[in-house]
Number of protein chains: 2
Amino acid sequence: MVLLTCTIVNVAFPRANYTILRNEILEYEQRLMIGANLTLNDIERVANKVLMEVKKEELNVGFKNPSRYPPARNFLAVKEDIERSKVFQLLRRMPKGAVLHAHDTALVSGNYLYHNITFRDDLYVCINKGVINLHFFRVPDKSCSWELLKKVRKDPEGAEKVNKMIRQRISMECDDPTSAYVDVNKAWDKFVDIFSFIIPLLTYKPIYEDHFLRGLEELYEDNVMYLELRTTLPTLYDFDGTKYKPEDLVGIYQSLTQRFKEKHPDFIGVKLIYAPMRTAGRKEAEYYIKTMKRLKTLYPNFMAGFDLVGQEDLGRTLEYFADLLRNIGERNINFFFHAGETNWLGTSTDENLVDAILLNTKRIGHGYALPSHPFLLELVKKLDIAIEVNPISNQVLRLVDDLRNHAVRPLFSEGYPVVVSNDDPGLWGARALSYDFYEAFMALMSAHADLRSLKQLAWNSLSYSTLNNSETQKALDIWERKWHTFVKDIAYDNSQRNKQRTTTT
Amino acid sequence: MVLLTCTIVNVAFPRANYTILRNEILEYEQRLMIGANLTLNDIERVANKVLMEVKKEELNVGFKNPSRYPPARNFLAVKEDIERSKVFQLLRRMPKGAVLHAHDTALVSGNYLYHNITFRDDLYVCINKGVINLHFFRVPDKSCSWELLKKVRKDPEGAEKVNKMIRQRISMECDDPTSAYVDVNKAWDKFVDIFSFIIPLLTYKPIYEDHFLRGLEELYEDNVMYLELRTTLPTLYDFDGTKYKPEDLVGIYQSLTQRFKEKHPDFIGVKLIYAPMRTAGRKEAEYYIKTMKRLKTLYPNFMAGFDLVGQEDLGRTLEYFADLLRNIGERNINFFFHAGETNWLGTSTDENLVDAILLNTKRIGHGYALPSHPFLLELVKKLDIAIEVNPISNQVLRLVDDLRNHAVRPLFSEGYPVVVSNDDPGLWGARALSYDFYEAFMALMSAHADLRSLKQLAWNSLSYSTLNNSETQKALDIWERKWHTFVKDIAYDNSQRNKQRTTTT
């Protein structure tokens with residue numbers, strides 16, 4: 001390629017063969033894109049043709065009517081449109097590898113919380129100063145005027161009132177999201193409020209277990225085979241008065257994962273990233289780090305590493321914790337820091353990117369501001385740090401409206417190590433990973449990005465995970481078999497359709 | 001810096017001095033930013049302190065309340081907010097160099113068109129099927145039921161009606177711009193409609209002349225000293241029945257520029273970029289190119305070059321014209337192509353970037369899609385092609401909502417040759433260049449970008465112009481004197497304010 005550059009820079013273009021040079025440039029650029037180094041086999045090529053036909057069709061519709069193009073609009077308003085997309089339907093079937101960036105209590109679609117969990121026994125409701133709270137009790141405590149929710153719901157009027165209140169506090173879904181959440185702060189206010197509502201509900205141990213298993217079920221159905229879950233490791237309760245501490249919860253996670261794997265041998269598993277709140281002071285941070293060390297000793301393979309969570313713009317910086325964090329770096333504890341989830345360049349959130357890299361982070365969560373940092377980009381590439389991109393999260397939390405303006409687009413066109421993840425799908429009515437893959441494929445990547453880009457994303461999600469060598473190899477083997485079935489099925493569907501066409505004409 | 005990279009990549013960070021390394025990275029990144037190589041003198045440093053204090057203040061207000069931050073909102077809704085900004089007020093005073101990307105009939109603020117031009121003698125109005133048209137006549141023709149506008153306006157009811165209709169067709173300004181123009185196509189529909197309304201009004205020769213002089217006046221008052229104007233060279237009319245052809249119009253432009261320079265000896269001048277519509281077919285394009293060659297022979301120094309204009313997504317591609325354009329490249333005619341004014345990556349608009357570069361364009365208009373093209377970026381840097389960034393235009397025409405997501409941000413952080421321009425300020429109620437400088441400074445650049453970035457932008461605008469060596473030197477000399485006065489004034493104001501503070505306390 002150096003040669004091509006020289007040709008272009010030094011030689012008078014008009015004398016060169018314009019069309020040849022033009023094609024060479026376009027092809028060279030496409031060879032830099034994510035996945036461009038992969039070679040498709042015959043079956044994959046057929047599947048790719050099917051995929052690219054529907055992609056082109058949907059791009060054309062969008063091009064003619066951009067305001068209706070789903071990625072240009074807030075996900076909360078276009079979920080059903082996406083579900084009608086043929087590209088989305090193909091992506092649902094695709095073995096997508098791993099989810100590497102998702103949070104514990106936001107893993108499951110809100111519908112399950114509403115329709116299943118809030119209809120369980122022993123759930124009590126209390127409306128205090130217009131604010132609804134839910135909690136499981138054998139016998140309700142005195143903190144509020146608790147009533148059994150089942151009983152309240154027996155009265156149609158009461159049912160309508162509480163159901164509406166519950167629905168409003170369980171999800172960001174609403175009719176006019178850009179007005180409801182006018183900016184990043186307003187979106188985060190709602191987002192945090194949902195957590196504060198669902199945590200007392202979810203931290204009842206039997207529910208926490210069901211919720212986690214349901215999350216795995218949703219991922220599995222969506223053809224995701226491995227999860228690295230960020231968790232605050234909240235204290236669970238049960239009716240015996242037991243308080244389940246971090247190490248108990250990790251044990252619960254591990255055994256549930258085991259149970260799930262037994263039921264689904266082609267599911268690779270789960271690892272945990274302990275990710276307490278970045279609002280912590282130094283004392284709390286020391287406690288978290290101590291906890292992390294203990295957990296790492298107790299569950300050396302199941303604990304993937306450490307992160308800090310919460311609205312980055314308003315929380316404490318990585319620099320604030322840097323000296324504490326550097327010390328555990330030596331103890332074989334990996335970091336997966338959120339960093340640069342902001343569009344305020346030059347602020348402390350933006351500079352978290354520097355600390356994340358200096359602290360030897362294995363991956364960066366979001367990295368939204370990264371493309372405006374030429375030197376950090378160079379480091380990320382040299383150090384092979386993967387960027388966990390969460391398109392829908394960034395849109396719903398109002399970093400960006402039209403996803404075609406998502407800041408990390410250049411990372412896809414230059415083949416950086418990116419993975420696409422879902423962050424908190426349950427909170428905005430998404431489910432598992434396919435919605436985010438759709439947005440990434442249709443808005444963050446070029447019209448030319450094809451099955452190779454998607455294959456690379458799946459591959460990245462396994463190879464940038466914390467699976468060890470043998471685990472990765474096993475995961476890739478299973479994934480490749482699934483991939484082969486996937487492309488074969490699409491190619492077969494296509495040949496059947498073609499046959500049918502030939503017969504009917 | 002290679003050393004620093006090696007340190008970071010090869011050495012275990014925790015052992016290095018964290019704070020020193022962190023600062024080195026931050027400083028190194030800031031040294032890549034636009035203008036970072038400039039060194040400020042003592043007076044400039046004082047002025048910079050004043051500037052950065054107000055910038056920081058306004059960033060802080062925005063950080064606390066992002067939905068009210070002017071660059072995050074459509075310019076049509078926040079013009080007055082910007083005018084209250086202290087940063088904006090400083091930018092108004094700053095000698096900004098040149099405007100290198102602006103269009104002939106959109107140069108002047110709409111208020112002047114309404115309050116001045118539509119109140120002139122001999123202006124006739126006709127409402128045909130609910131659509132209002134204006135035209136100057138000595139004696140109106142039979143094409144419509146023309147009435148003298150002055151007469152219509154004598155009746156209060158008639159006046160209210162036509163005034164409202166005129167205002168609606170003269171500007172994109174409206175109460176709720178994001179609803180009025182839901183996407184790029186809807187915005188362009190309105191944009192094109194304004195041109196179709198004002199062109200019959202403006203192409204009356206005396207008006208065209210006044211309008212152009214007024215445009216220069218607005219730029220001059222805004223401390224812009226040079227203009228490269230894209231013009232379609234429309235046919236002018238007068239009451240003698242004369243039709244003024246392209247060469248006549250270029251002559252008119254030249255003599256008016258001369259007149260303006262005599263009145264304002266510190267105004268450097270104007271050059272023209274002949275920029276007909278990209279909707280042209282091959283025959284028309286051949287005619288345009290022939291015209292361009294003739295104009296270049298007649299006005300070798302005044303004619304800067306050639307471009308094609310109109311909505312790029314819907315117009316013809318550069319590739320369509322490439323063979324025709326390659327031939328004039330050899331005749332010392334420079335190109336200044338619009339290219340990549342889109343957020344559809346991988347489409348023909350996007351690929352116009354390749355053709356612009358292959359056709360040896362001197363600058364690229366917009367280049368919005370450029371940052372997602374790693375190899376084209378390399379070429380642009382090596383070939384030293386300047387990117388003409390028009391923030392407000394891109395926002396009003398709905399490429400991007402929040403300007404903090406403007407795609408070319410990385411070009412500022414990596415010190416690419418960018419110039420900031422205003423495109424069509426008159427059509428959205430802007431005036432001259434300062435509004436675009438405000439948006440660029442507050443949204444496209446980092447919080448750390450300071451007076452040096454602004455100075456570099458001004459310097460770029462002159463050095464990436466088509467002024468020849470001696471003209472550039474003269475322009476830079478005059479600009480430097482103005483710059484010195486500008487920073488001295490700010491430093492002086494500041495010292496006066498400080499004195500006052502000391503006296504009153």
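## Helix packing in chain A

In this predicted model, the axes of helix α4 (residues 75–84) of chain A and helix α19 (residues 434–444) of chain A cross at roughly 90° and come within 11 Å. Axes are lines fitted to C-alpha atoms over the stretch in contact, with angles from 0 to 180 degrees between N-to-C directions; helices are DSSP runs (H or I, at least four residues).

On α4(A), the contact (heavy atoms within 4.5 Å) is made by Phe75(A), Lys79(A), Ile82(A) and Glu83(A), and on α19(A) by Tyr435(A), Tyr438(A) and Glu439(A).

## Relation of the two chains

Chain B is superposed on chain A by a rotation of 180° with 0.0 Å of shift along its axis (RMSD 0.0 Å). That is the relation of a two-fold axis. Asn405(B) comes closest to the rotation axis of the residues of chain B, at 3.1 Å (C-alpha).

## Interface

In chain B, 70 residues are in contact with 70 residues of chain A. Because 100% of the interface residues of chain B are also interface residues in chain A, the copies meet through the same surface.

Six salt bridges are found across the interface of chain B and chain A (a side-chain nitrogen of Lys or Arg within 4 Å of a carboxyl oxygen of Asp or Glu). Arg22(B) forms a salt bridge with Glu319(A), with the closest N and O atoms 3.5 Å apart.

## Conventions

Residues are numbered from 1 along each chain as its sequence is written, and chains are lettered from A in the order in which they are written. Local features need pLDDT of at least 70, side-chain atom pairs count only at pLDDT 80 or more, and totals for chains, interfaces and linings use all residues, while side-chain values use heavy atoms, with hydrogens and water left out.

Terms used: Least-squares fit on C-alpha atoms with pLDDT ≥ 70 in both. Helix = DSSP H or I, 4+ residues; strand = E, 2+ residues; numbered from the N terminus.
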